Amino acid sequence: MQRWIAAVVAAWALAAAPAMAAEKIILDTDFSTIGDDGQVLIMAAQLDHQGVIDLLGVTVVTGNNWLKQEVTDALRAVERLGIEDKVGVYAGANLPLVHDPKSFEAERTLYGFGESWETAFHRPQPTDADLMAPPDGFAKKAKLRDQDAVDFIVDTVKANPHEVSLLVIGPATNIALAVRKNPEIVPLIKKIVYMAGAFDVRGNTTPAAEMNVWIDPEATRIVMREPIPQAIIPLDVTDITQLTKTDFDRIVAGDGPIAALFRGTWMAKAFEDSKATVNVFDTLALAYLVDPSYATKVEDLSVDVDIAFGPGYGRTLGYWQEQPTKLLQKVKVVKQFDNRRFFDLYVDLMTRPVPIKPAT
């Protein structure tokens, strides 16, 4: 009963947001159907329907998988959620700026890899014939938008100066290309919230690096050095904000398509152990963007990224002391979350009906 009341209170608090302008968001993602990226889209679609955010588009970048497969999954996802007419899917960068996928195996041998090494880099790029259908089939209505993701980001920011926030939950390649191609957008971006990096904990792809940063460290460094309000959800907080079997069971108890997808994931296998917990990395970044009070510990650090090719490649560096130059930017680095409050929101949004019916 107490959890139900907490979920109702959380939903009521977010429902008050439409009294203010809805937060305009571009979701930049290395999309997966029901991984953390897919979960973010489910949550964002419900918050968009509620009027808390205005989801302007989904821009896709190679990361968890190659771009073509991620686009395939994202198109089915917007269709499954019933938002394909409102929320376009835009294809972005297929390769990092510098990091060569051909070096993957050498890096794995030389530097060691953690649990999240299964990026696009370890599998061949797919042809159209190789694309795998999502569990409920390929999209039938949703079509990839013609505009490139980078140009969509640039044009959308210019059309909505100081109003568009970027939720960056994959490698930062698209964002780096946008700010380098059109640097005039830098002062027009409202803020950037990332799921990225590891500061006081071990990386999950190499001992030094978190996956989103490791895939394209040069892009992350470019963007994090720009004078834009920025916040990072690193492994420091995702490592200690994990889904339990109790909350997972609340989601899979339903009979809709989202519950069915959850029942078919590796998470269901993990939760055969009642004491297991699993990461929901990117979902924390959306919650923080919508309401920063979900964070209970935040540090203001000058942040940089190691781009020297070696064992430290992709390490995020946070400095307490003031920097003698303006090269590095102060960034809000989230270290702790209100776990119970967050998971009540998470479960609430995951268990709302889909497809989402347009507002009447």
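Helices here are DSSP runs of H or I with at least four residues, strands are runs of E with at least two, and both are numbered from the N terminus. By that count, the protein chain has 14 helices and 11 strands.

A word on the source. This is a predicted model, where local features need pLDDT of at least 70, side-chain atom pairs count only at pLDDT 80 or more, and totals for chains, interfaces and linings use all residues. Residues are numbered from 1 along each chain as its sequence is written, and side-chain values use heavy atoms, with hydrogens and water left out.

Start with the overall shape. The C-alpha atoms fill a box of roughly 50 × 45 × 45 Å along the principal axes. Next, the radius of gyration, taken over C-alpha atoms; the globule rule is 2.2 Å times the number of residues to the power 0.38. For 360 residues, that rule puts a compact globule near 21 Å, and the protein chain has 19 Å, which agrees.

How much of the chain is buried? Buried means under 20% relative accessible area, exposed means over 50%, and partly exposed is in between, using a 1.4 Å probe and protein chains only. Of the 360 residues, 58% are buried.

Now contacts, meaning heavy atoms within 4.5 Å. Take the contacts between residues at least 6 apart in sequence: 83% of them join residues at least 24 apart.

Let's go to helix α13, residues 283-290. How many of its 8 residues are buried? The count is 7 of 8, so the helix is mostly covered, by the definition of buried. The buried ones are T283, L284, A285, L286, A287, Y288 and L289.

Look at Y288 in that helix. Its relative accessibility is 7%, so Y288 counts as buried. What does Y288 touch, beyond residues up to four places away in sequence? The list is V193, A231, I233, A295, K332, V334 and F337. For a sense of distance, Y288 and L95 are 193 residues apart in sequence and 28 Å apart in space, C-alpha to C-alpha.

K332 comes up again with our next residue, E299. E299 sits in strand β9, residues 295-305. Is E299 buried or exposed? E299 counts as buried, because its relative accessibility is 11%. Setting aside neighbours within four places, E299 is in contact with W320, V331, K332, V333 and K335. With K335 there is a polar contact, side chain to side chain, at 2.8 Å. A polar contact is a pair of N or O atoms within 3.5 Å; within protein, one must be able to donate a hydrogen and the other to accept it, and residues adjacent in sequence count only if both atoms are side-chain atoms.

On to helix α6, residues 173-181. Its buried residues are T173, N174, I175, A176, A178 and V179. What covers them? The cover includes strands β1, β2, β4 and β5, and helices α5 and α8.

Between α5 and β4 there is a loop, and H162 is found in it. H162 has a phi near 65°, a positive value in a residue other than glycine. H162 is exposed, because its relative accessible area is 52%.

Last stop: the segment after α14, where P355 is found. A cis peptide bond joins V354 and P355, with omega about 0°.
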